[in-house]
Amino acid sequence: MEPISAIESDDGRPAITDRASQTPLPPLWAIRAMTTFILLHFALIAISIIATVAPSGLQGRILDGAAWYLLPTHLSADGISIDVGRGDTVEQFHRVEVGEGPGESWVTWGAGHDPSPAIESAISGGLRQARWQRYLASVAMLGENQQSALAAWLGEPLAAELVASSAFRIVREPTLMTNVVQDSAEPPYTAAVVKDSRGVRRFVWTPPERLSAASTISGWSSQRVDTP
Amino acid sequence: MSGQQTSAGDPQAASEVGWVPFWFRDSRESASLRPIRVGLAIAALAYFVSHWSDIGWWFGSGGILSTDRLSRFLLASNLEGEGFWRWSPLFWVGSASGLRLYLVSGAALAVLSASSITRQCPAWLESRIPSLLLWLWVVWLANRSLLVAGPEEMVLAAGLAYLAISPPDDTPGWPRALARRLFQLHVSGLIALTGLTMLASTVWWDGTGVVAVAAPAGRRWWDLSEVVSIPWVHEPLTHAIVALAILAPPALWCSSTARVAWVLLLVWCGTLAALSGNLLYFAVLGIMLLSFRFPNR
């Protein structure tokens, strides 16, 4: 154990000096302030990371209260998972497809190109491609959660570039981790491209065609039907 | 490790003498932060360069995430709080040329921050000002990248903040010691928490974790999904990644296992960078791990 002794610092207040290395240490008040900061700093970062798994109410309140520190400094995980991968569908590679045809049931889909030349020329696996994927995943997640208005709002800038297309959708590419059922699932977001009264192209969400055993006949009764 | 070899780069030796020396003791024999300074400057430079061709397309006045569109989206989705604290002057810049000027100035700051250690610059450049400005430049761009930012911005912002505490000429003293400890605790804690959050997913238990990471190959530089689809490859690799993430960070703080843990964690970063394609994130983690160097051995 190396001894610590108190000497006077430049401002005349006691400071702590390590005799072994003779490196001046900051004054006591600064040490106390920095100690408090260190503890709070790491506690808040840890909570923001832990909360990416499944946030508790307490964690949420703490993070809300510390938003003034964590968000301006970009220290908060803020929903960005750091576990590298979970095998979720949202981690699949998303691709834009555009369609042409007279109606939603007769649309012919083709793999669309990425709408921006910058994205088109992006280096594979680079940060530009990662940003594009995060954006598409956000729109897809909103569409999947029936937040069609928000998905349209977020994705609508792409509609302006779809001059010759009547439909737009985001699909997830199959991977080694997906099975046939998952690969044949409805795309997370499908929309018709329509012009509003000002001629601006907008997305109108197209609900997925669901296969169901529920009756679609009104006035159905449970009476037994006798066969002849 | 003998007493003569004890340095602030050796956490265990310092932790034996209490809280204050642990955080604030430094000596001339301690490991330098210069490699970290140069490494993070290169990472920041790569970050700015990556935005060059698409920054106007995302954040310009008619862009996908223009300020007007983003604010209306946040308002409609009751997420006003998300945008309120994400301060950035870039929310007021709409022209693509203005945004690119920001990138150029950021790249220049990255070069200045790394080159100020050569002592061939004006006095103000030898101060902490370039490092502080570089941190702000990265944070502001990261805050502007709402919805498209990833984990790489989070670690880069933290690393540059710690670097701004340390003197650019690497003078021994308590600011350098504090910065080193912040680096060490941040990177070891982050990797340990990564391992713990991995346990929340079944893929990291059933041995398919690395397949889940490598499977969405998309347009990566390389596609390792076929290689890791072999069970005797992906199962041991998955278990090793989780075990290392949880066990190696505490081992970093034990003098007898520190060197082995350090090497293994660098390999861990390289492996996950290759599998996930997120080179910048794991490169920054690897650079921060350099704070655990043991120069006196």
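The lining of the second largest pocket comprises 8 nonpolar, 8 polar and 6 charged residues (Ala, Val, Leu, Ile, Met, Phe, Trp, Tyr, Cys and Pro count as nonpolar, Asp, Glu, Lys and Arg as charged, and the others, Gly among them, as polar). The model is predicted, and local features need pLDDT of at least 70, side-chain atom pairs pLDDT 80 or more, while totals for chains, interfaces and linings use all residues. Residues are numbered from 1 along each chain, chains are lettered from A in the order in which they are written, and side-chain values use heavy atoms, without hydrogens and water.

Of the 22 lining residues, A:E144, A:A185, A:E186, A:P187 and A:P188 lie nearest the centre of the second largest pocket. In chain A, α5 (127-144), β6 (167-172), α7 (180-183) and β7 (189-195) each contribute at least two residues to this lining. Helices (H or I, at least four residues) and strands (E, at least two) are DSSP runs, numbered from the N terminus.

Elsewhere in chain A, A:G85 sits in the loop between α3 (67-70) and β4 (94-100). A:G85 counts as buried because its relative accessibility is 0%, buried meaning under 20% relative accessible area with a 1.4 Å probe, protein chains only. Leaving aside residues up to four places away in sequence, A:G85 touches A:E91 and, in chain B, B:S201, B:V203, B:W204 and B:V213; a contact means heavy atoms within 4.5 Å.

Chain B itself has 15 helices and 0 strands. Buried residues account for 56% of its 297 residues.

Key: Buried means under 20% relative accessible area, exposed over 50%, partly exposed in between (1.4 Å probe, protein chains only). On a 1 Å grid over the protein atoms alone, a cavity is a set of points where a 1.4 Å probe fits but cannot get out, and a pocket is an open set with protein on both sides within 12 Å along at least five of seven lines; lining residues have an atom within 4 Å of a point.
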